[in-house]
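Reader: I'd like a close look at one hairpin and what surrounds it. Please give the cut-offs as you go.

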Amino acid sequence: MSAAGGAERPQVVSHVQQALSYTVFDCKWVPRSARLLCLGSAARGTGLVQLYELHGGRLELLREIEKPKPIKCGTFGATSLQQRYLATGDFDGNLNIWNLEAPEIPVYSVKGHKEIINSIDGVGGLGIGEGAPEIVTGSRDGTVKVWDPRQKDTPVANMEPVQGESKRDCWTVAFGNAYNQEERVVCAGYDNGDIKLFDLKTMSLRWETNIKNGVCSVEFDRKDINMNKLVATSLEGKFHVFDMRTQHPTKGFASVSEKAQKSTIWQVRHLPQNRDVFMTSGGSGSLHLWKYEYPAQRSKKDSEGSELGVAGSVSLLQNVTLSTQPISSLDWSPDKKGLCVCGAFDQTVRVLIVTKLNKI
Amino acid sequence: MPVWLREHSWRQTLTAVYLSLPLRGARATPANIFCSEQYLKVSIPPFLFEAILYAPIDDTNSTAKIGNGNIFFTLYKKEPAMWDSLTLANADKEKLQYLRENAVLKAHEKAKEETEAKKITKQEHKKYALEATMKLEEAERKRIEDLKEKERQKVTKELELWKKQQKDGDKYKSIQNKGESHQEIEPLKERKSEKMSKTQIPNEGTSTTRPKSTKGCHGSSSIFSQNLKEEQLPAPRAAATIKVNFTPRVFPTALRESRVAEEEEWLHKQAEARRIINSDLSELEDLKEEEKNPDWLKEKGNKMFAMGDYHGAVNAYNLAVRLNKNLPLLYLNRAACHLQLRNLHKAIEDSSKALELLTPPVPDNEKARVKAHVRRGTAFCQLELYTEGLQDYEAALKIDPRNKNIEKDAEKIRHLIQGTMQSS
């Protein structure tokens, strides 16, 4: 990366770096504000939620909340903009929704899984999309469960392994296709490389595939539109971009894959302001900024006359190495284009600004 | 014998001597001329001219011009004086010899000094060049840093500006908010009043209705409808379960692309092993159908082992091996029988054969390999070959580091080894 040669390319500028005294597993922007949350596990084995505000060139700690169990993941996806309740999954399999103004007692709490909740996603809140607010959690016990905060104790959908079959850890979940009140899909990635797409309207498995390596992170480019693209990242440095507009009866969705680096790609996050730009974070502490280009024709007819999707191409806009440890979490700010926060296993959280995204 | 050149002519001034030497057709190059302080020689085989000069000259500044069939020397005297003659008159052989040698030595020294001086200047030049390049690179680096810094500052300023805008926007909206909440607290008291007054940053949707809402009921109805929409969220879904099947896989570990090649090889080998049946044994005709199946024989052997009939088990395994000699588990189990029967050498052989067949090492045959190492280790120890035994135990530990029994046994063997070493 040279500033001279890439005068038009987006630059990743490190704005603030904050050293933490605990392992941070997830970091999220609080919507409609310059505040961010860090979720993690303290050395004593308790969970920590820290609320920071971006102030001048520093992060100012506003509040610290300690919980009995380490917290793995969190989301604001299912709450309204007024309430901004945080939904968290912890190491014990508990799903809790917290009001950060009064965090002693959760607004909603359920022991959803028998083992750690690896990943959580929310949809229907924040004024994005339509339909009921729902939260999906994926856990090491191999199940994926969808919860409605208005219904206590039981999930509204449960995707569990068939009786007697050995289970595989679910590592990541994502909502998508929530473009009207009825439609919704959940995509889940497992440690054996399986990706499964569940349709919640028909309560069935809509599509599955195997990408030959454990799936670390899946994300739709937008949750609230007709499914457009899905990015799935995996171990051994590969990620796949699936074109979700055309489903072939046997071949499924078309995809393009890219091998970015030798190490695991931990996270993928799409830019909220431009759904064709996404950033991947890697096990070698690096961040790669990618742009997807659509092909001339997004679908074509195959020999039997059924529609087959055509995948486009992915180009690398920028890459930067920030740390020697994996960057395990990444979040773009929905309010300011190019502002993002990332948390790494070297116990630091960094606020970055990606410039020149307007020119892409 | 060299041919002496004697026809030279010379003239002198106070400070210099000019010597002209005709060459008689020979070609001269600078290599043929040798000159030192007091000795001058021109040697163009077979011609030779040499002269012991009357007084020392400054040989570094003196010149020789070659051309026109002769060499023209311009020798600068060290001390300006008129010479009686060009050469020293009474030069005996010894003196000549001594002078010649001296001259050569001096020439050598001079040459050495020159090379030294050259080396030093070369080094200095190199240093200078290096420093120059370093400066250039430093400048380049600084330039890039400055660009980055500028970018960073620009971006920080933008961020601050945006934040300020947000704060101002919020203040404005919250003031408006308070204004309306006073107006509309009556009709909305029941459900909405709390929501409104708590609102710090209003929803994008409601804010667009704000300017209209000051117009009284017209505005309030629009807010009503907004809030009604929020109430109209669909009911929670009917609970349902979707059953999930995972991609079938022979190995218990998850699929990893980099390991696929090794795993394929192992599966292939296993498949091959099952297919080979050694069918040209005449005794086979006496056997029942099931006794020709190596797997059935293995099961029989296992049962006999469990009951303590070790000889019977060995026979079963022997027959199975004759039918199919590539199944590692047969050798493994036979090794266990031999251990019980104290046929230690046979046990070692069988465990080794089993290990050979258990390549490539994949997580699937971990347990089998651990067993093979442990059995072979035990056999070695019972033969008092403790070091070999320890090696096998350590190999087993490497594959399965969590097995406490193997650890304990390995410790015991280590103690034994130390004990025997001390006593001997």
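Author: Start at the turn. Strands β7(B) and β8(B) form a hairpin with 2 residues between the strands. There, B:Asn68 takes a positive phi near 55°. Strands here are DSSP runs of E with at least two residues, helices are runs of H or I with at least four, and both are numbered from the N terminus.

A word on the source. This is a predicted model, in which local features need pLDDT of at least 70 and side-chain atom pairs count only at pLDDT 80 or more, while totals for chains, interfaces and linings use all residues. Residues are numbered from 1 along each chain as its sequence is written, chains are lettered from A and ligands numbered from 1 in the order in which they are written, and side-chain values use heavy atoms, with hydrogens and water left out.

Strand β7 covers residues 63-67 of chain B and runs antiparallel to β8(B), joined by 5 bridges. Two strands count as paired if DSSP finds at least two bridges between them. Across this pairing, B:Ala64 stands opposite B:Phe73. Strand β8(B) has another partner: β3, residues 16-22 of chain B, is joined to β8(B) by 7 bridges. That pairing is antiparallel too. In it, B:Ser20 has B:Phe72 as its bridge partner. Strands of a sheet pair through backbone hydrogen bonds, either parallel or antiparallel.

Is β8(B) enclosed or open? Of its 7 residues (70-76), 5 are buried, so the strand is largely enclosed by the rest of the structure. Buried means under 20% relative accessible area, exposed over 50%, and partly exposed in between (1.4 Å probe, protein chains only). For scale, buried residues make up 33% of the 424 residues in chain B.

Now the wider chain. Chain B has 12 helices and 9 strands. Four of the strands make an open sheet in the order β1-β6-β5-β4, with mixed pairing. Its edge strands are β1 (3-4) and β4 (33-35), each pairing on one side only. Inside that sheet, β5 (residues 39-44) and β6 (residues 47-52) of chain B pair in the antiparallel sense over 6 bridges. B:Leu40 stands opposite B:Ala51 in β6(B). As for contacts in chain B with a separation of 6 or more, 56% join residues 24 or more positions apart. Contact means heavy atoms within 4.5 Å.

Strand pairing also crosses between chains. Strand β13 (residues 157-161) of chain A and β9(B) pair in the parallel sense over 5 bridges. The bridge partner of A:Met159 in β9(B) is B:Ile242.

Polar pairs come next. The interface holds 15 residue pairs in polar contact, both residues at pLDDT 80 or more. A polar contact is a pair of N or O atoms within 3.5 Å; within protein, one must be able to donate a hydrogen and the other to accept it, and residues adjacent in sequence count only if both atoms are side-chain atoms.

Salt bridges close the picture. The term means a side-chain nitrogen of Lys or Arg within 4 Å of a carboxyl oxygen of Asp or Glu. The rule finds 4 across the interface. Over all chains the count is 32. One pair crosses between chains, from A:Lys336 in the loop between β28 (327-332) and β29 (339-344) of chain A to B:Glu158 in helix α1 of chain B. Its closest N and O atoms are 3.9 Å apart. A:Lys336 is buried at 17% relative accessible area, whereas B:Glu158 is partly exposed at 43%.
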